[in-house]
Amino acid sequence: MQWNLQRILKATAYCLTAACLMLGSSYLVADEKGDKKGDEKKEAAKKEEPKKEEPKKEEPKKEEPKKEEPKKEAPKKEDAKPAPKKEEPKKEEPKKEEPKKPAVTVKTLVTNLESPSGIAIQEGTGHVFVASRYGIYRYDAKGKSVDLEIAGYPTDVYGKGPKYNIGPLGVAFMDKDHLVVGDGSRPDGEELVRIYKVVDKPLEKWVKEDTAAQTLGPIKAGEKSAKGEGNFYGVAVGGGDIFITCNGDDTKGWVAKSVIKDGKAGPLEPSIATKEATNVDAPVAITFSPDGKELVIGQMGEVNVADDCLLTFYDPKTGKLTKSLKTGLNDIAGLAYSPKTKKLYATDFSWVDAAKGGLFELKIEGDKVTAEKVISLDKPAAIAFDKEGNLYLTVFGTQGKDPEKSPGSLAVIKAGL
């Protein structure tokens with residue numbers, strides 16, 4: 001029995017040793033998955049367990065940051081003082097930018113127009129009449145419709161790289177029922193000014209260009225004009241007269257005039273020799289000042305020369321130049337005063353660099369003009385305000401890949417200028 005007891009004790013000791021080895025092996029695996037330091041970390045891990053409990057005992061220490069909360073609030077109070085000072089200039093910045101960057105959006109109304117130029121707005125209906133290569137169109141803003149009114153014009157070519165096919169050009173209302181149309185579809189010396197009677201509704205069928213109620217001109221070559229006049233770009237009516245800018249005798253730069261009497265327009269005669277007065281070619285854009293006392297003309301100059309454009313003012317009764325100002329623009333093609341703000345706006349066609357073209361506000365201070373760009377446009381031409389202050393404008397645009405689609409358009413900028 002003693003021997004058996006010894007054997008039993010040895011067997012028991014052997015089993016305990018094997019069990020310990022197996023237990024050590026399982027911790028090794030766990031330790032390798034954790035910090036990979038093996039059995040040396042067994043006891044360390046067991047000793048760390050009470051350390052995990054220590055934070056539980058230190059719970060009152062967690063309350064210390066709660067006691068420190070007023071310390072956190074203190075810097076917040078200190079930061080609160082300079083904070084409004086930093087925000088003040090930020091709030092003022094948009095206020096300073098608002099007048100410099102007015103919200104301007106151009107909405108296209110009519111597309112597929114070729115060489116659209118003059119614009120006139122009919123009193124009463126608000127219909128917009130637009131001249132283009134193929135004739136005169138009527139746009140009804142309320143009905144959102146466009147109709148061809150007058151057609152059958154021949155075609156002429158104008159320009160120096162690029163060149164454009166043109167038809168009728170400048171338009172303006174003599175009264176609410178009579179539309180004055182300056183032609184550009186014939187050679188100089190053969191061009192005509194037509195006056196059409198228009199009603200307050202679109203026609204069922206367009207009429208031919210020779211069905212005008214009155215025809216003025218032509219101004220043939222002669223004593224006053226060596227080559228004869230043509231390309232009647234701009235038309236302005238005021239003070240009982242019709243004024244029309246011309247292209248023909250470049251040594252004169254004529255503006256023609258017709259006196260209205262008893263509702264009829266008199267003979268068309270060269271009246272103001274702008275080239276002689278300013279030494280710059282090509283009167284194009286024309287309008288009256290809001291009080292009607294000044295005739296305002298944009299002297300375009302040479303289309304292939306930059307920065308030669310003038311803004312000029314004449315006495316409409318005597319035809320005398322009262323002021324001639326450099327603008328810094330390339331080619332003024334349209335002029336109009338806002339009926340709401342009385343500000344003067346101009347379009348720059350900018351033949352030499354189309355990227356510089358657009359709509360500009362012309363700010364006049366004494367003998368200085370500052371041209372501030374309102375928005376860039378691709379070869380803009382005429383502009384006209386309606387009585388609500390909406391600005392209508394024509395844009396030649398750039399010919400796309402489809403030769404059957406004309407790039408020109410009629411657009412509007414909602415009231416606000």
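Let's start with the aromatic cluster. Y158, Y164, Y233, F349, W351 and F396 form one cluster. Keep in mind that this is a predicted model.

Across the whole structure, a search finds ten aromatic pairs. Take F349 and W351. Their rings sit 4.8 Å apart, centre to centre, with 35° between the planes, so the pair falls in the tilted class, between the 30 and 60 degree limits. Both residues are buried.

Now F349 with F396. This pair is edge-to-face. The centres are 5.2 Å apart, and the planes make an angle of 85°.

Where do these two residues lie? F349 is in the loop between β23 (344-348) and β24 (358-365). F396 is in the loop between β27 (391-395) and β28 (408-413). So the pair ties together parts that are 47 residues apart in sequence.

Are they buried or exposed? F349 has 5% relative accessibility, so it counts as buried. F396 comes in at 10%, and is buried as well.

Next, a glycine on the outside. G124 is in the loop between β2 (119-121) and β3 (128-132). Its relative accessible area is 72%, so G124 is exposed.

Finally, the chain overall. The protein chain has six helices and 28 strands. Of its 417 residues, 43% count as buried. Take contacts between residues at least 6 apart in sequence: 46% of them join residues at least 24 apart. The accessible surface is about 23800 Å², and 52% of that belongs to carbon and sulfur atoms.

Terms used: Residues are numbered from 1 along each chain as its sequence is written. This is a predicted model: local features need pLDDT of at least 70, side-chain atom pairs count only at pLDDT 80 or more; totals for chains, interfaces and linings use all residues. Side-chain values use heavy atoms; hydrogens and water are left out. Helices (H or I, at least four residues) and strands (E, at least two) are DSSP runs, numbered from the N terminus. Buried means under 20% relative accessible area, exposed over 50%, partly exposed in between (1.4 Å probe, protein chains only). Contact means heavy atoms within 4.5 Å. Accessible areas come from the Shrake-Rupley method with a 1.4 Å probe; for residues, only the protein chains shown count as cover. Rings of Phe, Tyr and Trp (its six-membered ring) pair if their centres lie within 6.5 Å; planes under 30 degrees apart count as stacked, over 60 as edge-to-face and the rest as tilted.
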